[in-house]
Each structure stands twice: as structure tokens, then as C-alpha cells.
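Here are a few friendly notes to read beside the model. Please keep the structure open and look for each residue as you go.

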Amino acid sequence: MSKRRTRMMYAGGGVLALGIILGQFFGLTPGINSGSGEGEEKAAPDTDPQTILASTETEIVPVLIQPESEQSKSQSQTPLKVLDILIDNRSYFIKAASQPNEKYRPAEIEEIINQAKKATGNEDGIHIRVYRKGSARVIPESLLKEELKKSGLSSEMIDWKIHLVD
């Protein structure tokens, strides 16, 4: 007998909840979420638009903007710490490590060696980082290894990245 009474309580509660939800949906429940409400009417202050405009003008914060010429220094103007080399298929691309990836430019092996010698290195002693794309060939990589070794750069100065880049 008590199981039946419990079932009836749950059924009644479900019907009541369903009625409230449907009443909200169809707008049949007066006083619940209808009208602007008491709090909204009190929130709007009776102020003059000129007063509002004046209060926003005093809150202007000056921002220091650096000139464009200082931000866009070329690779030759800034000291080169680390040279990034990208091997893609049979070609080499270089950029300074501080530049974004879009700044890679094509280079021949002689220019790579000259730039690598100019690199001062980072705090870990790395002068060159070599990245490879999935299309990179073995011969250009081994040729680069030989030329860097011949130029006098030690293996500790070169970081050969194992993972491929996109």
C-alpha cells in the first residue's frame, strides 16, 4: 500500500513540474517571468545624457604606441641569436628564431653557412635549429650536416629536431 502512495506522489510531482514548464513556455503562468520587474525599474537612474557623456570622457586611458619602424626591424638589423633552418623536399628555408613562421625565405647552402657563423647562440648554446617537413629528402639533410661540420660548428651548437613540422 505504501508503494502505491509513493508512486502517486512522484506522479503528482512530475505532473506539477510539467505544468509549470509548459505554462512558462506558453506564457500561462501569471507573475513568473512576466513584465519588466521591480528591480529593473529602479535600476535606471534619472540622469541627464550630458552627465553620462561627461563621465565616460574622464575615463579615457592613454596608451603608449611604439613607432612602426622599431617593430619591423629586418633580420640584418637585429643580432641573430638562433638560425632556424627548414628542409622542405630538396630546398632549404631560413629565418631568425625570433621571427614568425611566415618569415621563412629560401636560401642556398653557402648563405646558410654564413648566417650560421653569425649566430651568437641562445642561453643553452644553440646556434642553429633544423626542422624538417614530411616531404624532406635525406640527401639535402646529410649535405647540410656535412657542410655545417666542415664550417667548424660543433654538434652541440646544432639542434636537430626529431619531429616533423607542417
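1. Helix H6 is followed by Gly-152, which has a positive phi, near 100 degrees. Helices here are DSSP runs of H or I with at least four residues, strands are E runs of at least two, and both are numbered from the N terminus. This is a predicted model, where local features need pLDDT of at least 70, side-chain atom pairs count only at pLDDT 80 or more, and totals for chains, interfaces and linings use all residues. Residues are numbered from 1 along each chain, and side-chain values use heavy atoms, without hydrogens and water.

2. Which residues of H6 are buried? They are Pro-140, Glu-141, Leu-144 and Leu-148, where buried means under 20% relative accessible area and exposed over 50%, with partly exposed in between (1.4 Å probe, protein chains only). Seen down the axis of H6, these buried residues fall within an arc of 100 degrees, so they line one face of the helix; the arc is taken from the directions from the helix axis to the C-beta atoms. On the other side, Val-138, Ile-139, Lys-149 and Lys-150 are exposed.

3. Now follow Leu-148. Not counting residues up to four places away in sequence, Leu-148 touches Ile-113, Ala-116, Ile-128, Leu-153, Ile-158 and Trp-160, with contact meaning heavy atoms within 4.5 Å.
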